[in-house]
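Please keep the sequence and the model in view while reading.

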Amino acid sequence: MQLKFYSTTIFRETPKVTFFDAGLDVSNGCDVVIHSKEAISPPDDFKDEQYYVHEHQIDHNLVITGERKFVLINPSWNEPHHVIYLNRSMGALEIPIGTYHRSISGKEGSIVLNQPRRDKSFDPSKEFIPQKLDKLSLIKARKSLPVYWIWENDQIKRVRINPFKRKIKTLI
Ligand SMILES: [Fe+2]
């Protein structure tokens, strides 16, 4: 499964100033999600992980400050479990419809700009209800070995870690 990242256009970058175009032609919304210090969206329900899953919205998440770890679960994919260590340089991560997802910030917190594509049936009262992984296919997908997406040497790399050989295999 190839995830899609929309790159931004940087106009100017100096040690103290970064100025870039974050606009996406495909988007018709503009949401900001601020994590002050350590936070998870959506938060755990006691010990159970919770996820968002959209029916009428494709997300495009761009980190503005900090780093945000995204977990994506989609049993219909040949690789159903992805962990993305998203930073600004990687661009806006697309999260397709029907994909269970959550995001986690470290101690420093992070700010994410989500520029979604919403269809005419979008209803905010239904679209953002946290969900548990309550189907066998979802639980199996969550337990499967994830594909990791990281930023290394100025490019996006997807890697798998073999827990038995403790080997890291670069897939791109
Ligand atoms: Fe979302």
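Ile58 touches Glu94, Ile95, Pro96, Ile97, Pro116 and Arg117, leaving aside residues up to four places away in sequence; two residues are in contact if their C-beta atoms, placed from the backbone, lie within 7 Å. The model is predicted, and local features need pLDDT of at least 70, side-chain atom pairs count only at pLDDT 80 or more, and totals for chains, interfaces and linings use all residues. Residues are numbered from 1 along each chain as its sequence is written.

Ile58 lies in strand S6. Strands (E, at least two residues) and helices (H or I, at least four residues) are DSSP runs, numbered from the N terminus. Ile58 and Pro75 are 17 residues apart in sequence and 17 Å apart in space, C-alpha to C-alpha.

**Strand pairing**

Two strands pair if DSSP finds at least two bridges between them. Strand S6 (residues 57-73) runs antiparallel to strand S7 (residues 81-86), and six bridges join them. Within this pairing, Leu72 has His82 of S7 as its bridge partner. S7 also pairs with strand S11 (residues 147-152), here in the parallel sense and over three bridges. In S11, the residue opposite His82 is Val147.

**The nonpolar core**

A nonpolar core is a set of buried Ala, Val, Leu, Ile, Met, Phe, Trp, Tyr and Cys residues joined through C-beta atoms within 7 Å. The largest one holds 18 residues, of which Phe70, Ile73, Ile84, Leu86 and Leu93 touch the most other members. Two or more residues of this core come from each of S6, S7, strand S8 (92-95), strand S9 (100-114) and S11. The most come from S6, which gives five residues. In soluble globular proteins, nonpolar side chains tend to be buried together.

Leu86 has contacts with Asn61, Val63, Glu67, Arg68, Phe70 and Leu93, again not counting residues up to four places away in sequence.

Ile40 belongs to strand S5 (residues 39-41). On the same terms of contact, Ile40 touches Arg102 and Ile104, residues up to four places away in sequence being left out. Between Ile40 and Lys69 there are 29 residues of separation in sequence and 9.4 Å in space, C-alpha to C-alpha.

The peptide bond from Ser41 to Pro42 is cis, with omega near -15 degrees. Pro42 is placed in the loop between S5 and S6, and Phe46 is found in that loop as well. Phe46 has a positive phi, near 55 degrees, although the residue is not glycine. Asp154, in the loop between S11 and strand S12 (155-162), also has a positive phi without being glycine, near 60 degrees.

A residue is buried if 20 or more other C-beta atoms lie within 10 Å of its own, exposed if 12 or fewer, and partly exposed in between, with C-beta atoms placed from the backbone. The table applies these classes.

| Residue | Other C-beta atoms within 10 Å | Class |
|---|---|---|
| Ile40 | 15 within 10 Å | partly exposed |
| Phe46 | 4 within 10 Å | exposed |
| Asp154 | 6 within 10 Å | exposed |
| Ile58 | 19 within 10 Å | partly exposed |

Why does Ile58 count as partly exposed? Ile58 is partly exposed because 19 other C-beta atoms lie within 10 Å.
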